[in-house]
Amino acid sequence: SIQLNELPKGEYNVRISNTSGHQIWQQQIIHPGGSAAQTVQLPAAMSNGIYQLTIEGKDWRQTSRFIKQ
């Protein structure tokens, strides 16, 4: 799951890219505002490895890396 902390209400794009920068997954979520956890289902065919997670809204963007094992 993805934890959204103290974000304004609105629509957010959640994207996962591989280390080459190719987008492999995307989902739009509607956040009610404040803090909340959002569960996402990763693609079954997604290989183990290092990925980049980007969450982007109207005036906000955060990028982080994670390892799928």
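Leaving aside its neighbours within four places in sequence, which residues is Thr54 in contact with? They are Asn13, Val14, Arg15, Arg61, Gln62 and Thr63, where contact means heavy atoms within 4.5 Å. Before going further, a word on the ground rules.

This is a predicted model, in which local features need pLDDT of at least 70 and side-chain atom pairs count only at pLDDT 80 or more, while totals for chains, interfaces and linings use all residues. Residues are numbered from 1 along each chain as its sequence is written, and side-chain values use heavy atoms, with hydrogens and water left out.

## Overall layout

The protein has six strands and zero helices, and its pattern along the sequence reads β-β-β-β-β-β. Both kinds of element are DSSP runs numbered from the N terminus: helices are H or I with at least four residues, and strands are E with at least two. The C-alpha trace spans about 35 × 20 × 15 Å along its principal axes. The radius of gyration is 12 Å, which agrees with the value near 11 Å that a compact globule of 69 residues would have. That radius is taken over C-alpha atoms, and the globule rule is 2.2 Å times the number of residues to the power 0.38.

Of the 69 residues, 26% count as buried. Here buried means under 20% relative accessible area, exposed means over 50%, and partly exposed lies in between (1.4 Å probe, protein chains only). Among contacts between residues at least 6 apart in sequence, 46% join residues at least 24 apart.

## Around Thr54

Now back to the opening residue. Thr54 lies in strand β5 and is buried, with a relative accessible area of 2%. One of its contacts is Thr63, which is found in strand β6 and counts as partly exposed at 39% relative accessibility. The two side chains make a polar contact of 3.4 Å. A polar contact is a pair of N or O atoms within 3.5 Å; within protein, one must be able to donate a hydrogen and the other to accept it, and residues adjacent in sequence count only if both atoms are side-chain atoms.

Beyond four places in sequence, Thr63 touches Gln52, Leu53 and Thr54. Thr63 and Leu53 are ten residues apart in sequence, and their C-alpha atoms are 5.6 Å apart in space.

Arg15, another contact of Thr54, has its place in strand β2. Arg15 is buried, at 16% relative accessible area, and its side chain joins that of Glu56 through a polar contact of 3.1 Å. Not counting residues up to four places away, the residues that Arg15 touches include Gln23, Trp25, Gln26 and Arg61.

## The nonpolar core

The largest nonpolar core has 13 residues, and those with the most contacts inside it are Ile2, Leu4, Val14, Ile16, Leu53 and Ile55. Such a core is a set of buried Ala, Val, Leu, Ile, Met, Phe, Trp, Tyr and Cys residues joined through side-chain atoms within 4.5 Å. The elements that give two or more residues to this core are β1 (2-7), β2, β3 (23-31) and β5. Leaving aside neighbours within four places in sequence, Leu53 is in contact with residues including Ile2, Val14, Ile16 and Phe66.

## Aromatic pairs

How many aromatic pairs does the structure hold? There are two. Rings of Phe, Tyr and Trp (its six-membered ring) pair if their centres lie within 6.5 Å; planes under 30 degrees apart count as stacked, over 60 as edge-to-face and the rest as tilted.

| Pair | Centre to centre | Angle between planes | Class |
|---|---|---|---|
| Tyr12 and Trp60 | 6.1 Å | 80° | edge-to-face |
| Tyr51 and Phe66 | 5.8 Å | 25° | stacked |

Tyr12 lies in strand β2 (residues 10-18) and Trp60 in the loop between β5 (49-56) and β6 (61-68), so their pair ties together parts that are 48 residues apart in sequence. Tyr12 counts as buried at 4% relative accessibility, whereas Trp60 is partly exposed at 28%.

Tyr51 lies in strand β5 and Phe66 in strand β6, so this pair ties together parts that are 15 residues apart in sequence. Tyr51 is buried, with a relative accessible area of 8%, and Phe66 is partly exposed at 23%.
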